[in-house]
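Thanks for coming. I have one structure to go through today, and I will take it contact by contact. Here it is.

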Amino acid sequence: MEVKRVAVVTEAGNGLGKTFAKILVNHNYNVILAASKKSYDILSLDANTLQDFKLVKVDFTSSESVSELKGLITSTYGRLDLLINNAEIANGFGQKINQLKLEEVKELYEINLFAVIRIIQSLKPVLEVSDDPSIINITSSLGDITKMTDDNFCYSNYCMTAYATSKAALNMFTHLQCKEFKPSKIKISSFDPISLKNCTHNSVVICDGIKDEFVKLISKASL
């Protein structure tokens with residue numbers, strides 16, 4: 001019997017964590033869905049879905065809480081094959097510079113960027129136990145400067161300063177980590193759920209074309 005790979009998917013508000021977790025379960029993964037606050041409360045009500053994967057409450061802003069997640073992975077599976085950093089929040093829709101609230105910007109960066117760094121730092125040792133470890137950082141076209149400067153791009157007029165800049169920072173972080181991890185066995189990449197020009201993206205749905213690309217990515221990660 002083929003040994004199942006082990007994956008962690010993080011979720012903090014975009015609703016895609018459960019979608020990614022379901023896809024992974026259907027492709028022979030044991031999945032821990034690590035969710036915070038309201039996301040955890042919402043997901044915990046879905047008893048039918050939770051039969052397929054393990055839901056764990058995690059505070060991504062807390063090193064102690066993330067360390068507890070690491071301990072759970074170690075004691076239950078002994079390794080981690082795939083980490084999907086999907087947790088994100090969005091605020092400040094349509095806000096101009098005089099409307100931006102710095103505390104909200106800081107809150108968003110804490111989840112969208114700093115938590116990713118914190119989780120990778122903490123879980124790197126259990127990833128290194130895997131024979132073929134991978135990290136996928138979920139990004140957004142709103143953080144792609146080339147796309148956002150193209151007037152024909154469907155999201156080019158979106159004014160989400162904090163969110164867009166946090167994703168741009170995440171893209172650069174992923175690029176730099178790719179260079180750092182290149183000599184090691186850890187592979188790191190980014191995945192954009194709205195990378196298709198006219199793809200519909202909301203709290204729970206990704207279009208079939210994007211889903212196919214995600215399946216290819218996780219299949220490649222397991223080769």
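Before the first count, a term: a salt bridge here is a side-chain nitrogen of Lys or Arg within 4 Å of a carboxyl oxygen of Asp or Glu. Please also keep in mind that this is a predicted model. Searching the whole structure with that criterion gives nine salt bridges.

I will show one of the nine. The side chains of Glu-88 and Lys-167 form a salt bridge, with 2.8 Å from N to O. Where do the two residues sit? Glu-88 is in the loop between β4 and α4, while Lys-167 belongs to helix α6, residues 161–181, so the pair ties together parts 79 residues apart in sequence.

Now the sheet. Six strands make an open sheet in the order β3-β2-β1-β4-β5-β6, and the pairing is parallel. At the edges are β3, residues 54–57, and β6, residues 187–191, each of which pairs on one side only. From one strand to the next the twist averages 20°.

Strand β5, residues 134–138, pairs with β6 in the parallel sense, over five bridges. Within that pair, Ile-135 stands opposite Ile-188 of β6.

Which helix packs on the sheet here? Helix α4, residues 102–129, does, and it touches β1 (5–11), β4 (82–85), β5 and β6. The direction of α4 makes about 175° with that of β4.

Helix α4 also has helix neighbours, and I will give two contacts. For packed helices in general, the description is the angle between the axes and the distance between them.

The contact with α6 comes up next. The axes of α4 and α6 come within 8 Å and cross at roughly 20°. Angles under 35 degrees count as roughly parallel, so α4 is roughly parallel to α6. The crossing of these two helices is right-handed. On the α4 side the residues include Val-105, Leu-108, Tyr-109 and Leu-113, and on the α6 side they include Ala-169, Leu-170, Phe-173 and Phe-181. By class, this contact of α4 with α6 has 13 nonpolar residues, three polar and one charged.

The other contact is with α3, residues 63–76. The axes of α3 and α4 come within 10 Å and cross at roughly 25°. That makes α3 roughly parallel to α4. This crossing, too, is right-handed. From α3, the residues involved include Val-66, Leu-69, Lys-70 and Ile-73, and they meet a set in α4 that includes Arg-118, Ile-119, Leu-123 and Val-126. The contact of α3 with α4 divides into seven nonpolar, four polar and two charged residues.

That is what I have; questions are welcome.

Key
Residues are numbered from 1 along each chain as its sequence is written. This is a predicted model: local features need pLDDT of at least 70, side-chain atom pairs count only at pLDDT 80 or more; totals for chains, interfaces and linings use all residues. Side-chain values use heavy atoms; hydrogens and water are left out. Two strands pair if DSSP finds at least two bridges between them. Helices (H or I, at least four residues) and strands (E, at least two) are DSSP runs, numbered from the N terminus. Axes are lines fitted to C-alpha atoms, for helices over the stretch in contact, and angles run from 0 to 180 degrees between N-to-C directions. Contact means heavy atoms within 4.5 Å. Angles under 35 degrees count as roughly parallel, over 145 as roughly antiparallel, 65 to 115 as roughly perpendicular and the rest as oblique. A crossing is left-handed if the near helix is turned anticlockwise from the far one by less than a right angle, and right-handed if clockwise. Ala, Val, Leu, Ile, Met, Phe, Trp, Tyr, Cys and Pro count as nonpolar, Asp, Glu, Lys and Arg as charged, and the others, Gly among them, as polar.
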